[in-house]
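Here is a colleague's note to read with the model open beside you. Take the points in order and find each residue as you go.

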Amino acid sequence: MRRPVVGLVAAVLTALLAAPAGTAVAALAPPARPAHVVGYDRYSLTVDGERVFLWSGEFHYFRLPSPDLWRDVLEKIKAAGFTGVSLYFSWAYHSPAPGVYDFTGVRDVDRLLDLAEELGLYVVARPGPYINAETSGGGFPAWLKQVPGRARSSDPGYTEAYREWLGHINPIIARHQVTRGGSVIAYNVENEYAAGTDAAYMQDLQDTARAAGIDVPITHNQCCDASWPPTWAAGQGAVQVPGVDDYPQSFECQTPDLWGPWGEGVTERLTDDAPVYAAEYQAGAIDLNRAGYDACRSLTGVDYMKYFYKSNLIASGATMFGYYMAFGGTNWGWLGQPNDVYTSYDYGAAITESRGLTEKYAEFKRQGYFVRAVTPLAETDPAAAPGSANPAVATLARANPDTGTQFVLVRHADRASSTDETSTLDWSTPDGRYAVPVRVTGRDAKILVAGYDLGGQRLVWSSSEIMTHERIGGRDVALLYGRAGETASTVLRYAARPSVRVLSGSVRSSFTGGDLRLDYTHAGLARVLVTGGGRPPLLLLLGTDETAAEFWRLDTDAGPVLVRGTSLARSAHVSGRTLYLRADTAAAGDVEVFAPARRLVVDASPVSVRESASGSLVGRVRGPDPVRLPALRDWRYRAGAPESRVDFDDSRWTVAGHRTSVSPFPPRTLPVLFAGDYGFDTGHVWYRGSFTATGAETAVDLNAITGKNGVYQVWLNGRYLGWARGGTQADSDAPVNLDPGPGSFAFPPLAPGSRAVVSVLVENLGHNDDWTADDNRFKQPRGLVGASLAGTANPITWRVQGAHRDRTDPVRGPLNTGGLYGERAGWHLPGAPGRWSAPRPPVPGVSWYRTEFRLDLPRGQDVPVGLRFDGTGPYRVQVYLNGWNVGRYTGDLGPQREFVLPAGVLRAHGRNTLALAVVALDASAWSAPRLVELGNQRGGVPVRDVPG
């Protein structure tokens, strides 16, 4: 039985009943767009009674601070065959302080959801409140650490805070639901919230959503396997469509030959009355061991995708997928968490951080086009699988209960095997019993189809895989594929012998008992035209994995079209007899289109075409013009740590005098020096401690918490004493480490009665996640947590300065800058004031370097540009482009050397300001970075300069 979700009228009544007396339900105004009914049953979601196979990829708008590029990425996601996109909404990204929210500019999520709707992508909205996503605080704003009570619970302080957040984001999501003509098809509460936690909290999140007008199915993503009981499938806090996160390949990118160390990756069915939902299925990896994201892409590469994605699809029967990530993006500013990530959040995804397409993208396209085209897959039950003559080759099957269409998974019986195996399947199809030869080459898996009405054709069976099929120009066009060099067969049913013409390639045909059998070896692209036999004409395209990936499928008002030969096909429309195509090309070459048209225009340029023997149009398109990037010259310099001098005026700094804290982690000494307790949440924080010397002082003993790989530096009266590593998230695990990030810094002799100043620069790499929701580790403080003088009990008077949460950049937001002097003075901004001198090597502390450069990149081309550092050494560099903190180079750690300069933030046609804050741990030589070209395509999307 299909279950319709609450419709609009019922939602209004529900919200009115749930809202407090006097509450206005303005968000529930009548829709201006056509409304739809969203429902579900045990098989799939439905929209207006039609089944939806939700094949979605994860995208983080907050990791791409150039809204015009959202279109580029979402168009690429759509072009890969995805039917949806999964979107986290980050509380921290929108709220720098309690009661302060920003949904403008790079935070305009209305614009994002409008775009998804325009492109025809369903949205799974995931507003948390906790999202993890390897973001600072797991998406919690840092100010939440000052709220009493445990996060992710029903504690009153947290409840008031998250209701404030949801009170802002839920109405935006609500007006973009499919039920109001928008794109949001499901709403995900919380994130990987463990069994045995707070059911009342989970229930309140859902009640709060319903009261705000959310009437699409509510989901949750449980982590990560059977060891986590399905708490949210029944009882208080249960969601309508519970999902599971699966990461079978682990995150050990330094070992790319791993094969499913974390299990089979088969998504569990958690309830009988809702579809199986693979809410987060691994499509990349965090680079835990700094092996580089290319290694993560290898770990989760094409072989993995073929085997695990197809196996899961048939083994689980899932029809809702969220692949994490489709595009990772950038941890610009201080967005990332302090443990497992650096500036790049490329994630080894199908679309790279610089928006390039990879072999993984091609595999997503092969599978995505299949699940979109073969609609019986949205409703299947387990079925008897064909027997295999070779026990090394295993089969698993599902069938559609209405059409009888069968889907058979063919793979190695031993998951770890990578041998080449052949077998013969004893296959009882809906159209008869057949002996079907198959081959499994290396780590592979195939989904073979039988008993399928392929447009106007009857597919009896095929040992090739279906990529897509469409009705174009009065005939069926079907694209099947297999690995190069593999033999295959396709059998079609006809009432009478049809005419078979092999237009290209080598294909043998025979006709017996109503079955037309085609035998071939996958090589290049074979083309077969079948006419007569009582069915519409059929153009059968038989390709390899590689040639199949050259095709693009696009919808137009005149019906679907297929495009071959461009690097990307974005959109198309037909007017009269002309096909207008938006596409990208990496090089000059042939383009072929299968469309109801006789003329072709690509990116506003007419293309001379001829008609091929296949009935397609073939022409030639231009490639991009070459690009020369300017050298970075005329660097200027300013010393950036005046706070270390004894005579620096800190009289306007905040006095650190608190004796108590809301933090569950006690300070090592008093007064409390936690940076967040004084409003300094992001980036570097300066401390200055003054005392009157007795002459007995021998050292200052400090403790600081910075996050993994963070450091702090110490001066006495302007003299550099050295640096130490700060405490990490691990120090918050039970038993709590009471001596985190220790450092003892020896003093030179001090004259009794003299004034002395200890200056400390503490790096804050972000706030802990709250993944386990049971230990309050999110509230671990940052900054100094202990300070005392060795040799004396002489007290120290401390003052603190940094980036205060009440003084946020109105354009770039709360995560862009920290508390370096140059950041507070605006040295990172274009037109920075003050005197700059000739460059000199960095000294321990902070040195600033600036230059300007002009760009005039070719118009009508997409040229991603990066900044590359070639030197290494004991220093870290914050990279500011036109005031935006686009990266943090760790010369002492690696692995990242290239930093994406996102178009829009980068002025493609004008002057750019590049500012570098070099934080040197010791005296060190360094080399200035250079601009590098990260790609070059003719096409792309128009990108306006991001304000600021």
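**Notes on cavities and helix contacts**

1. Start with the largest cavity. Its lining has 19 residues, and nearest its centre lie Gln-337, Val-341, Tyr-342, Leu-765 and Arg-888. Keep in mind that this is a predicted model.

2. The volume of the largest cavity is about 250 Å³. Sorted by class, its lining has 8 polar, 7 nonpolar and 4 charged residues.

3. How many cavities of 30 Å³ or more are found in the whole structure? The search gives 8.

4. Now the second largest cavity. It holds about 130 Å³ of space. Its lining is made of 16 residues. Nearest its centre are Leu-64, Thr-330, Val-900, Leu-901 and Pro-902. Of the lining residues, 11 are nonpolar, 3 are charged and 2 are polar.

5. Turn to the helices. Helix 5 covers residues 156-174, and helix 6 covers residues 199-211. Their axes are 10 Å apart, and the packing angle is about 30°. Angles under 35 degrees count as roughly parallel, so helix 5 is roughly parallel to helix 6. The crossing of this pair is right-handed.

6. Which residues of helix 5 and helix 6 meet? Helix 5 brings Tyr-158, Thr-159, Tyr-162, Arg-163, Leu-166 and Asn-170. Helix 6 brings Tyr-201, Asp-204, Leu-205, Thr-208 and Ala-209. By class, this contact of helix 5 with helix 6 has 6 nonpolar, 3 polar and 2 charged residues.

7. A second pair to find is helix 8 (residues 302-316) and helix 9 (residues 359-373). Their axes come within 9 Å and cross at roughly 25°. That angle makes helix 8 roughly parallel to helix 9. The crossing of helix 8 and helix 9 is right-handed.

8. Look at the residues in that contact. From helix 8 come Val-302, Met-305, Lys-306, Tyr-309, Lys-310 and Leu-313. From helix 9 come Glu-359, Lys-360, Glu-363, Phe-364, Arg-366, Gln-367 and Val-371. By class, the contact of helix 8 with helix 9 has 6 nonpolar, 6 charged and 1 polar residues.

9. For helix 5 with helix 6, the charged count is 2 and the polar count is 3. For helix 8 with helix 9, the charged count is 6 and the polar count is 1.

Technical notes
Residues are numbered from 1 along each chain as its sequence is written. This is a predicted model: local features need pLDDT of at least 70, side-chain atom pairs count only at pLDDT 80 or more; totals for chains, interfaces and linings use all residues. Side-chain values use heavy atoms; hydrogens and water are left out. Axes are lines fitted to C-alpha atoms, for helices over the stretch in contact, and angles run from 0 to 180 degrees between N-to-C directions. Helices (H or I, at least four residues) and strands (E, at least two) are DSSP runs, numbered from the N terminus. Angles under 35 degrees count as roughly parallel, over 145 as roughly antiparallel, 65 to 115 as roughly perpendicular and the rest as oblique. A crossing is left-handed if the near helix is turned anticlockwise from the far one by less than a right angle, and right-handed if clockwise. Contact means heavy atoms within 4.5 Å. Ala, Val, Leu, Ile, Met, Phe, Trp, Tyr, Cys and Pro count as nonpolar, Asp, Glu, Lys and Arg as charged, and the others, Gly among them, as polar. On a 1 Å grid over the protein atoms alone, a cavity is a set of points where a 1.4 Å probe fits but cannot get out, and a pocket is an open set with protein on both sides within 12 Å along at least five of seven lines; lining residues have an atom within 4 Å of a point. Grid points are joined across faces, edges and corners, and a volume is the space filled by probe spheres set on the points.
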